[in-house]
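User: Hi, I'm new to this one and would like to be walked through it. Could you show it to me, and then I'll ask as we go?
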Amino acid sequence: MGKRGKHARRSVAAATELCDLCARTFPAQEAVCGHVADSSAVHPDDPLHDGLRRVTACCEAHLELIRAAYRQRPFIQEELWAGKISRVLTSRRPVLALRELACRTGLDEHDIRRAIAWHNERRRRMDA
């Protein structure tokens, strides 16, 4: 029967998840996960996952309600493009020209201009 010293093992708390619908917490192994289309979702590292948001639910019924809610939301292509542009502009390497931005985002110059116009209009509405 030894004393617990400063090097004694601490119990590791079980990983928990949070339901995106009801905010209930539960053990991670019980999570029901999926992906939904969301034009505001830009993956930090993987452009192939842009436009997809990972959602977590405590049960299949809640996952289906989350999916139904996202189906009601419009998918705005310019919003997704603006997110791609933002990811590149906040990366380590500066962008020196529109052509370079096009190469690094996978967008053409016309789409970049549409994304910038969408972003500026959204900002104007927020400031009004």
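This is a predicted model: local features need pLDDT of at least 70, side-chain atom pairs count only at pLDDT 80 or more; totals for chains, interfaces and linings use all residues.

User: OK, stepping back, how many helices and strands does the chain have?

Analyst: The chain has four helices and four strands, and read from the N terminus on, the elements come in the order β-β-β-β-α-α-α-α.

User: What share of the residues counts as buried?

Analyst: Of the 128 residues of the chain, 28% count as buried. As for the surface, the chain exposes about 9,600 Å², and carbon and sulfur atoms supply 53% of that area.

User: And what about contacts between residues at least 6 apart in sequence, how many of those join residues at least 24 apart?

Analyst: Among those contacts in the chain, 50% join residues at least 24 apart.

User: Now the helices. At what angle do H2 and H4 pack?

Analyst: Helix H2, which covers residues 77–89, packs against helix H4, residues 109–127, at an angle of about 100°, and their axes are 8 Å apart. The two helices are therefore roughly perpendicular to each other.

User: Which residues meet there, H2 to H4?

Analyst: From H2 the residues are Glu78, Glu79, Trp81, Ala82 and Ile85, and in H4 they meet Asp111, Ile112, Arg114, Ala115 and Trp118. Sorted by class, this contact of H2 with H4 has six nonpolar residues, four charged residues and no polar ones.

User: Ala115 is in that list; is it buried or exposed?

Analyst: Ala115, which lies in helix H4, is buried, with a relative accessible area of 1%. Leaving aside neighbours within four places in sequence, Ala115 is in contact with Glu78, Trp81, Ala82 and Ile85. Ala115 and Ile85 are 30 residues apart in sequence, while their C-alpha atoms are 8.3 Å apart in space.

User: How about Asp111, buried or exposed?

Analyst: Asp111 also has its place in helix H4, and at 14% relative accessibility Asp111 counts as buried. Between the C-alpha atoms of Asp111 and Glu78 the separation is 7.6 Å, although these residues are 33 apart along the chain.

User: Moving on to H3, at what angle does it pack with H4?

Analyst: Helix H3, residues 98–105, packs with H4 at an angle of about 95°, with their axes 9 Å apart, and that makes H3 roughly perpendicular to H4. The contact is made by Leu98, Arg99, Leu101, Ala102 and Thr105 of H3 together with Glu109, Ile112 and Arg113 of H4. By class, the residues of this contact divide into four nonpolar, one polar and three charged.

User: And what's the angle for H2 and H3?

Analyst: H2 and H3 pack at about 110°, and their axes are 10 Å apart, which makes H2 roughly perpendicular to H3. On the H2 side the contact is made by Lys84, Ile85, Val88 and Leu89, and on the H3 side by Leu101, Arg104 and Thr105. Four of these residues are nonpolar, one is polar and two are charged.

User: What lies in the loop between H2 and H3?

Analyst: Pro94 is one of the residues in that loop, and at 59% relative accessibility Pro94 counts as exposed. Not counting residues up to four places away in sequence, Pro94 touches Glu100 and Arg104.

User: One last topic: what is phi of Ala23?

Analyst: Phi of Ala23 is near 70°, which is a positive value in a residue other than glycine. Ala23 is found in the loop between strand E1 (16–18) and strand E2 (25–27), and with a relative accessible area of 49% Ala23 is partly exposed.

Key:
Residues are numbered from 1 along each chain as its sequence is written. Side-chain values use heavy atoms; hydrogens and water are left out. Axes are lines fitted to C-alpha atoms, for helices over the stretch in contact, and angles run from 0 to 180 degrees between N-to-C directions. Angles under 35 degrees count as roughly parallel, over 145 as roughly antiparallel, 65 to 115 as roughly perpendicular and the rest as oblique. Contact means heavy atoms within 4.5 Å. Ala, Val, Leu, Ile, Met, Phe, Trp, Tyr, Cys and Pro count as nonpolar, Asp, Glu, Lys and Arg as charged, and the others, Gly among them, as polar. Buried means under 20% relative accessible area, exposed over 50%, partly exposed in between (1.4 Å probe, protein chains only). Accessible areas come from the Shrake-Rupley method with a 1.4 Å probe; for residues, only the protein chains shown count as cover.
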